[in-house]
Amino acid sequence: LLQTRRVIRTLAAAGKWIDRVGLALLFPRADIVLPSLWEQVSDLQEVDWNAEPINFLWRAKDALPDEGRACVGRHLGRVVSCVAPRLVPVLVAANGGVAEEDDPVVDAIRSLGPLTGPQLREVTGLAKKDVDRSIASLHHKLVLTSSHLVDEGSTWGSLAHDLLARK
């Protein structure tokens, strides 16, 4: 019996799929045994950077957290993952449920709400490499997650980060 699956083409369908699986990667990795959103939107196991579905995936990775359909960030194995909102309390509790103390990036986001890298540099006075390193570490520690895309006048926009506990 040949089984076929529907290819995901909408944010609503992507959000429902993430909610169903709970935890997924944005792109497949041979060393991490989780499904990937790429495989669902492209029906391909290998990433093809020239395939049309890549355009939808790039938009979806920023729009899913903005619409509250998923938390997206470098939460697992330092690769971009998608977490169903229903699992966020479990992940936060497993991490101890408390954000880093005396971290200027966490303090700024806690006080001012979601901020982009450039905004964090301005508010904290930290260098770009220090802010980038802190954001990556805090995503991995399940303290921060992606919030939404902010148009700051650049071609691509900047990703805002928020406390995972607020999601």
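**Strand pairing, salt bridges and packing in a predicted model**

Strand β1 (residues 23-25) pairs with β3 in the antiparallel sense over 3 bridges. The model is a predicted one: local features need pLDDT of at least 70, side-chain atom pairs count only at pLDDT 80 or more, and totals for chains, interfaces and linings use all residues. Residues are numbered from 1 along each chain as its sequence is written, and side-chain values use heavy atoms, with hydrogens and water left out. Helices (H or I, at least four residues) and strands (E, at least two) are DSSP runs, numbered from the N terminus. Two strands pair if DSSP finds at least two bridges between them.

Strands of a sheet pair through backbone hydrogen bonds, either parallel or antiparallel. Here, β1, β3 and β2 form an open sheet of 3 strands in the order β1-β3-β2, with antiparallel pairing. The edge strands are β1 and β2, and each pairs on one side only. On average, neighbouring strands of this sheet are turned by 40 degrees against each other, direction ignored. Such angles are taken between axes, which are lines fitted to C-alpha atoms (for helices, over the stretch in contact); they run from 0 to 180 degrees between N-to-C directions.

Individual bridges show how β3 meets its two partners. Strand β2 (residues 71-76) pairs with β3 in the antiparallel sense over 4 bridges. In that pairing, G73 stands opposite S81 in β3. The bridge partner of C71 in β3 is V83. Strand β3 (residues 79-83) is largely enclosed by the rest of the structure, because 4 of its 5 residues are buried.

A further pairing involves β5 and β6. Strand β5 (residues 144-150) is also largely enclosed by the rest of the structure, because 5 of its 7 residues are buried. It pairs with strand β6 (residues 158-163) in the antiparallel sense over 6 bridges. Within this pairing, H148 stands opposite A160 in β6.

Salt bridges come next. A salt bridge is a side-chain nitrogen of Lys or Arg within 4 Å of a carboxyl oxygen of Asp or Glu. By this rule the count comes to 8 salt bridges. One of them joins R86 and D19, whose closest N and O atoms are 3.0 Å apart. This pair links distant parts of the chain: R86 lies in the loop between β3 and α4 (88-94), D19 lies in helix α1 (residues 11-21), and the two are 67 residues apart. R86 counts as partly exposed, at 46% relative accessibility. D19 is also partly exposed, at 34%.

Other salt bridges lie within a helix. R110 forms one with D107, the closest N and O atoms being 3.2 Å apart. These two residues are separated by about one helical turn, because they are 3 residues apart in helix α5 (residues 104-112). R110 is partly exposed, with a relative accessible area of 37%. D107 counts as partly exposed at 32%. In helix α7 (residues 128-140), D130 and R133 are likewise 3 residues apart, about one turn of the helix. Their side chains meet in a salt bridge (3.3 Å, N to O). D130 is partly exposed at 28%, whereas R133 is exposed at 52%.

The interior was then examined for nonpolar cores. A nonpolar core is a set of buried Ala, Val, Leu, Ile, Met, Phe, Trp, Tyr and Cys residues joined through side-chain atoms within 4.5 Å. The largest has 22 residues, of which I8, I18, L37, W38, V41, L57 and L64 touch the most other members. Helices α1, α2 (37-42) and α3 (53-66) each supply at least two residues of this core. The largest share, 6 residues, comes from α3. Apart from this core lies another, of 12 residues, among them V105, A108, L115 and L120. Contact means heavy atoms within 4.5 Å. Leaving aside neighbours within four places in sequence, I8 is in contact with A13, A14, W17, L37, Q40, V41 and F56.

Helix packing was described for α5 and α6. The axes of α5 and helix α6 (residues 117-124) come within 10 Å and cross at roughly 100 degrees. That makes α5 roughly perpendicular to α6. Angles under 35 degrees count as roughly parallel, over 145 as roughly antiparallel, 65 to 115 as roughly perpendicular and the rest as oblique. P104, V105, A108, I109 and L112 of α5 make the contact with L120, V123 and T124 of α6.

Notes
Buried means under 20% relative accessible area, exposed over 50%, partly exposed in between (1.4 Å probe, protein chains only).
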